[in-house]
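Me: I am new to this structure. Could you show me how to read it, feature by feature?

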Amino acid sequence: MSVKHDAGVQTRQKLLRAAIEQIRTSGITGLTLDAVAKEAGVSKGGLLHHFPSKDALVNGLIRQFFANFEERVRAYYERDEESKGRWTRAYVQATFDDAPMLLELLLVSTLNDELMKLIRDDFDHWNQRLLNDEISPVRATIIRQSADAYWTERIIQPEIDPALRAALRDELLRMTKEA
């Protein structure tokens, strides 16, 4: 990897972190290219080189979110020694790792066909893995829908009692081991 390419990747990551910070502090409506460039300490031209529009920036955030989620799922999957329900357990554990603040972005992206396609493709990818995870497709769907509802609820209710959160996660994990 060339030094120039490496610097470009670092700048891109800095811009994505700045965009996340802008969303955390100002909400999705406060996400502007100017604010992100300022937060990242990058010129607006530098930002536009990596993300030529706000949609491109949101697209980059969603892609990063999906890639990070995939990494967390894969890590849980690789540590699990029981074959039956392995993907489903990994999906649940990664879902309960943290509160994905990018849900707000996912909701906003429903207004953009290209971004919505990204979400649908990711959904289809995970749904196929879970439906073919050696457990009942109905049970896998119930577990996935519950985990997905947990994400959605975090928009409305960002704080959840840690004991309840753990109990929800544990119950979903228990369900992956039932016949």
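Reply: Start with a single residue. Glu-134 is exposed, because its relative accessible area is 53% and exposed means over 50%. Keep in mind that this is a predicted model.

Me: Where is Glu-134 found?

Reply: Glu-134 is in the loop between α7 and α8. Its backbone is worth a look too. The phi of Glu-134 is near 65 degrees, a positive value in a residue other than glycine.

Me: Which residue just after α2 takes a positive phi?

Reply: That is Gly-41, with a phi of about 70 degrees. Within α2 itself, Leu-33, Ala-35, Val-36, Ala-37 and Ala-40 are buried.

Me: Let me step back. How many helices and strands does the protein chain have?

Reply: The count is 9 helices and 0 strands. Along the sequence the pattern reads α-α-α-α-α-α-α-α-α. The chain has 179 residues, and 42% of them count as buried. The accessible surface is about 10000 Å², with 53% of that belonging to carbon and sulfur atoms.

Me: What share of the contacts with a separation of 6 or more comes from residues 24 or more positions apart?

Reply: The share is 69% in this protein chain.

Me: How should I read a nonpolar core?

Reply: The general idea comes first. In soluble globular proteins, nonpolar side chains tend to be buried together. Here the largest nonpolar core has 46 residues. Leu-15, Leu-31, Val-36, Leu-57, Phe-69 and Val-73 touch the most other members.

Me: Which elements give two or more residues to this core?

Reply: They are α1 (3-26), α2 (33-40), α4, α5 (86-95), α7 (113-131), α8 and α9 (162-175). The most comes from α4, with 9 residues.

Me: What does Val-73 touch, not counting residues up to four places away in sequence?

Reply: Val-73 touches Trp-87, Ala-90, Tyr-91, Ala-94 and Trp-126.

Me: Now the aromatic rings. How is a pair described?

Reply: A pair of aromatic rings is described by the distance of the centres and the angle of the planes. A search of the whole structure finds 10 aromatic pairs. Take Phe-65 and Phe-69: their ring centres are 6.5 Å apart and their planes are at 20 degrees, so the pair is stacked. The cut-off for stacked is under 30 degrees.

Me: Why are Phe-65 and Phe-69 separated by about one helical turn?

Reply: An α-helix has 3.6 residues a turn, so residues three or four places apart point the same way. Phe-65 and Phe-69 are 4 residues apart in helix α4 (residues 54-79), so about one helical turn separates them. Both are buried.

Me: How does Phe-65 pair with Trp-151?

Reply: That pair is edge-to-face, at 5.4 Å centre to centre with 75 degrees between the planes. It links distant parts of the chain. Phe-65 is in helix α4 and Trp-151 is in helix α8 (residues 137-156), 86 residues apart. Phe-65 and Trp-151 are both buried.

Me: Which residues do ring pairs link into a cluster?

Reply: The cluster holds Phe-65, Phe-66, Phe-69, Tyr-77, Trp-87, Tyr-91, Trp-126 and Trp-151. The charged end of Arg-86 sits over the ring of Tyr-77, 3.8 Å from its centre. Arg-129 lies over the face of Trp-126, 4.9 Å from the ring centre.

Me: What about Arg-89: buried or exposed?

Reply: Arg-89 counts as buried, because its relative accessibility is 4% and buried means under 20%. Its place is in helix α5. The side chains of Arg-89 and Thr-176 are joined by a polar contact of 3.1 Å. Leaving aside neighbours within four places in sequence, Arg-89 is in contact with residues including Asp-80, Leu-173 and Lys-177.

Me: Where is Lys-177?

Reply: Lys-177 is in the segment after α9. Not counting residues up to four places away in sequence, Lys-177 touches Glu-82 and Arg-89. Lys-177 and Ile-135 are 42 residues apart in sequence, with 8.2 Å between their C-alpha atoms.

Me: One last residue. Is Gly-60 buried or exposed?

Reply: Gly-60 is buried, with a relative accessible area of 4%. This glycine is in helix α4. Leaving aside neighbours within four places in sequence, Gly-60 is in contact with Arg-12, Leu-16 and Phe-51.

Notes. Residues are numbered from 1 along each chain as its sequence is written. This is a predicted model: local features need pLDDT of at least 70, side-chain atom pairs count only at pLDDT 80 or more; totals for chains, interfaces and linings use all residues. Side-chain values use heavy atoms; hydrogens and water are left out. Rings of Phe, Tyr and Trp (its six-membered ring) pair if their centres lie within 6.5 Å; planes under 30 degrees apart count as stacked, over 60 as edge-to-face and the rest as tilted. Buried means under 20% relative accessible area, exposed over 50%, partly exposed in between (1.4 Å probe, protein chains only). A charge sits over a ring if NZ of Lys or CZ of Arg is within 6 Å of the ring centre and within 35 degrees of the ring normal. A nonpolar core is a set of buried Ala, Val, Leu, Ile, Met, Phe, Trp, Tyr and Cys residues joined through side-chain atoms within 4.5 Å. Contact means heavy atoms within 4.5 Å. Accessible areas come from the Shrake-Rupley method with a 1.4 Å probe; for residues, only the protein chains shown count as cover. A polar contact is a pair of N or O atoms within 3.5 Å; within protein, one must be able to donate a hydrogen and the other to accept it, and residues adjacent in sequence count only if both atoms are side-chain atoms.
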